[in-house]
Structure formats: structure tokens, C-alpha cells
Amino acid sequence: MLNKQKAEGRYQISVVSLDELVPQDHLVRKIENAVDFSFIYDLVADRYCHDNGRPSVDPVVLVKIALIQYLFGIRSMRQTIKEIETNVAYRWFIGYDFSQPIPHFTTLGKNYVRRFRNTRLFESIFIRILEEAVHHGFIKPEVLFIDATHVKASANKHKFVKEMVEEQTKKYQELLDEEINQDRIAHGKKPLEKKHETPLKEVKVSTTDPECGLFVKGEKERVFAYSFHTACDRNGFVLGVKVTPGNVHDSQVFEDVLNEVKKTFDRPQAVAVDSGYKTPYISKVLIDEQIRPVMPYTRPRTKDGFFKKYDYVFDEYYDCYICPNEQILTYETTNKDGYRIYRSNSEVCRNCPFLKQCTESKDTTKRVSRHIWADYLEEVEHLRHTEENKQIYNQRKETIERVFADMKEKHGMRWTTLRGLEKVTMQAMLVFAAMNLKKMATWLWKSGRSEKKIQYTFGIFINLLNKHPCSKNLQGCLSAI
């Protein structure tokens with residue numbers, strides 16, 4: 001039988017509390033049961049005047065509003081406020097009743113500029129949520145998965161100026177230079193002189209957001225972006241974050257991310273990374289710190305039809321290479337990039353039957369390079385074949401790759417809505433804090449270990465009854481029950 005719904009329900013007056021309208025399994029309830037947000041008051045105590053001025057918006061409310069945006073992937077703060085105005089679950093989460101006006105969407109931005117700028121508030125919130133997850137035993141920092149993803153900046157890629165800037169020097173350049181000169185002296189060569197002038201290069205700088213960087217992906221896509229360098233554990237909890245312009249290579253920030261995690265947790269037993277981090281220096285850092293490096297296979301970068309690098313055998317005792325024709329390539333020099341150069345005898349190579357598979361040089365001389373830290377890379381290659389490394393590396397797609405996918409698909413971070421490195425870092429801290437909070441709260445709820453807080457539904461109902469004309473009769477019935 002056809003049943004037509006009448007519109008009278010729109011105008012019916014009901015006595016009901018906000019708490020009754022929020023489903024028991026709603027995410028905001030799980031989060032409220034998982035974390036006590038009162039710790040925020042201590043973090044911002046020095047940013048507010050306690051005995052003078054106009055009453056402020058509760059700082060816990062401000063943080064919760066920001067968390068709502070990233071928990072539910074709402075595209076902007078303006079839209080977030082609109083959602084809170086009509087969503088009873090969001091109102092319940094920030095503690096506002098039906099009639100209480102929601103703060104203006106510019107409130108968080110103004111508080112950031114006037115109060116929270118140049119503070120570690122959002123980093124402290126991120127760390128506090130991590131501490132809660134550690135307390136419940138959800139964090140497994142023995143194995144780290146480190147990677148970076150590019151997030152499009154709020155900048156038009158066609159609006160830029162060209163500037164000449166100094167090339168970014170490697171952080172380990174001094175250490176490398178020292179070892180290069182030691183190696184040259186050991187081989188009877190003069191040490192290289194230090195360069196006093198830093199070379200310049202031309203870069204495109206956005207006029208909209210000068211702090212982002214031009215990211216080139218393939219041959220066609222060029223966008224201004226930021227890089228989110230991230231470390232997570234086996235359970236997908238984000239343990240460390242560092243934001244840089246999009247034109248900074250992943251390997252340049254690896255050590256910073258690792259040190260960021262080590263501030264909160266002990267030294268990991270293993271670190272898994274992709275091929276972009278497979279460099280001699282990163283291999284050296286991990287092995288020197290007794291951390292197991294987990295890196296993938298990289299294809300040799302040689303032309304088809306030519307001998308691969310592994311076809312030339314290195315003799316460590318005699319410090320030379322042996323070619324496929326069993327001829328010796330002797331040491332020539334160590335260049336400024338840290339590579340030892342080994343060269344063949346051109347007289348022997350001229351009559352070699354494998355010459356066309358070996359080199360195209362006009363002087364019929366084959367040269368093979370070997371980094372002074374190549375021993376560390378070779379150890380990485382040996383470990384790559386172990387069953388433990390294979391199992392750990394296979395978990396990358398379930399951990400760090402999933403973190404980035406969820407961040408962009410479910411939490412609204414395909415592009416930044418803020419401009420400037422400091423603000424984007426704040427945004428990154430909030431979105432990863434929201435993701436950790438969501439995972440922790442859900443796991444606590446499923447395990448039944450969430451600490452239920454005192455419910456005030458009955459007390460609110462009694463207060464409403466006291467205001468009602470028939471309150472005496474209703475209270476009598478309740479007391480009889």
C-alpha cells in the first residue's frame with residue numbers, strides 16, 4: 001500500500017537532547033571516548049590573557065573544528081562551518097547546543113595569525129595523539145616505512161618569475177669532501193681544493209606562493225607543489241612528518257625525517273624505502289647506525305647490447321676491476337663527486353673482441369666508476385635477497401602507500417588550501433593527527449577498551465523538566481519508576 005509522508009513532522013516540537021540524536025557508533029563518539037582534549041588548554045595557556053579582554057572562543061573548540069575538516073575530508077573551513085551548523089554530530093563533538101551560533105569560518109585563521117603562529121601547537125597535538133596510541137599498544141616503531149608524496153600548492157602554474165638561486169649543497173658535503181681527499185692522498189693524488197663560490201641555477205618561482213617548488217613529473221606535468229616527507233609504522237600510524245618545497249629531492253630530507261622519529265621513539269630496527277632513497281650516503285647512515293636497510297632492486301642504467309656494471313668484477317685486495325675479457329682496469333683518480341675512476345689499457349682494448357659491447361669511446365678506453373661508499377650499497381644488495389627484507393618491502397603498499405592514498409582520497413589533501421611553508425606544515429600536522437586519531441579511536445572502539453565518559457543525558461532531561469509546566473507530575477512519575 002502506498003504511504004505518503006506528510007510534512008507536519010517538520011514543525012513538530014520535541015523535547016530531545018543533542019546526545020540522543022548522535023548514533024552510538026558515530027566516529028565523533030569514538031574519538032571523544034579515546035582522547036581527553038583538555039590537554040590543549042596547557043599548550044595554549046601562555047597565548048591567552050586570564051583576567052582581561054573579551055571572552056575568546058574555546059581553544060579546544062577551535063582545534064576540534066579543524067579536526068572535523070580533516071577527519072571528514074571537507075574541502076575548506078568555510079564549508080566546514082556550514083556542515084557543523086546543520087550536523088548534530090559535529091555540534092555534539094564541539095559541545096555546542098542547537099541554538100548556539102557556530103564561530104565564523106575566519107576565526108581559526110585569525111587565531112592562527114594572532115596567537116598560534118610560530119608555535120609548536122599543532123606539532124604538540126600530533127605528538128600527544130601518538131603518545132595515546134603508544135599507551136594503548138598500537139604503535140610498532142621497530143620497522144619504519146619512509147616515503148614522500150607531492151601535494152599540489154594553491155598556486156597557478158602559469159604565474160611565475162625566473163630567478164637565479166644558489167644550488168642546494170648536500171648536507172653531507174663536508175663529510176664527503178673530507179673522505180674524498182683522504183682517498184686521493186691514499187692513492188698518491190693531491191687533495192682537491194675547496195670551492196668558495198656556490199654555483200647558480202635558474203628556477204621558476206611562483207608569484208602566488210613563493211615558498212612552494214616546481215615539481216616536474218614525467219615530460220608533460222609541471223605543477224607547483226609541496227612534498228610531504230612521511231614515516232609510518234607497520235600499523236599505518238604516521239610517526240614523523242617534514243614538509244618541503246616540491247623541488248627538493250626525497251633523499252635530501254631522509255635523515256631529517258629519521259631524526260624526527262628518533263626524538264619520540266627508539267632507534268628502529270629496519271627502515272624500508274623506495275628506489276629514490278637508494279644512495280650511498282643513505283645506505284651508510286643506516287648501516288652505521290645498525291639499522292637494517294630495506295631497499296628495492298634498481299635496473300642498471302646502461303644501453304642495450306652493452307655489458308652491465310655487474311659484469312665488471314671489483315677486486316678489493318688489488319683495488320682494480322676485471323673486465324669480461326679478464327683484463328685489468330686500474331685506478332685513475334677520485335673525482336669531486338666521490339667516485340673512484342678505473343680505466344683500461346687502450347692498447348689491449350683496441351684488439352678486444354668485446355670492444356663494441358664494452359665502450360664507444362674514441363680512444364678505446366673503458367672507464368668504470370665506483371663510489372667511495374659503494375661497500376654500503378653492496379651490503380644493501382646482499383640484504384635485499386633475504387626473506388626478511390622481502391617481507392618488509394612487500395608491506396610498503398599496505399602502510400606508507402595507503403597512508404598517502406587515504407590522505408588524498410578521504411581527508412581532502414590532494415592540494416593545499418593554505419599558502420606558505422609554515423601554514424602548509426600546520427595543515428600536514430593536522431591531517432596526519434586526524435588520521436592517527438581516527439585509526440586509534442576506531443581500534444579502541446572495536447576492541448572494547450575505550451574509556452566511556454560520564455553521560456549527562458539524564459541531567460539535561462531533568463533540567464528541561466524543571467522548566468516545563470507539568471514538571472511536578474512528570475518528576476513524580478520518574479521517582480516512582
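Me: Are Phe228 and Phe432 buried or exposed?
Reply: In this predicted model, local features need pLDDT of at least 70 and side-chain atom pairs count only at pLDDT 80 or more, while totals for chains, interfaces and linings use all residues. Residues are numbered from 1 along each chain as its sequence is written, and side-chain values use heavy atoms, with hydrogens and water left out. Taking buried as under 20% relative accessible area, exposed as over 50% and partly exposed as in between (1.4 Å probe, protein chains only), Phe228 and Phe432 are both buried.

Me: Is Phe138 buried or exposed?
Reply: The relative accessible area of Phe138 is 7%. Because of that value, Phe138 counts as buried.

Me: Is Trp443 buried, partly exposed or exposed?
Reply: The relative accessibility of Trp443 is 29%. Trp443 therefore counts as partly exposed.

Me: Which residue has its charged end over the ring of Phe237?
Reply: A charge sits over a ring if NZ of Lys or CZ of Arg is within 6 Å of the ring centre and within 35 degrees of the ring normal. Over the ring of Phe237, at 5.9 Å from its centre, sits the charged end of Lys439.

Me: At what distance from the ring centre of Phe93 does Lys64 lie?
Reply: Lys64 is placed over the face of Phe93. Its distance from the ring centre of Phe93 is 4.8 Å.
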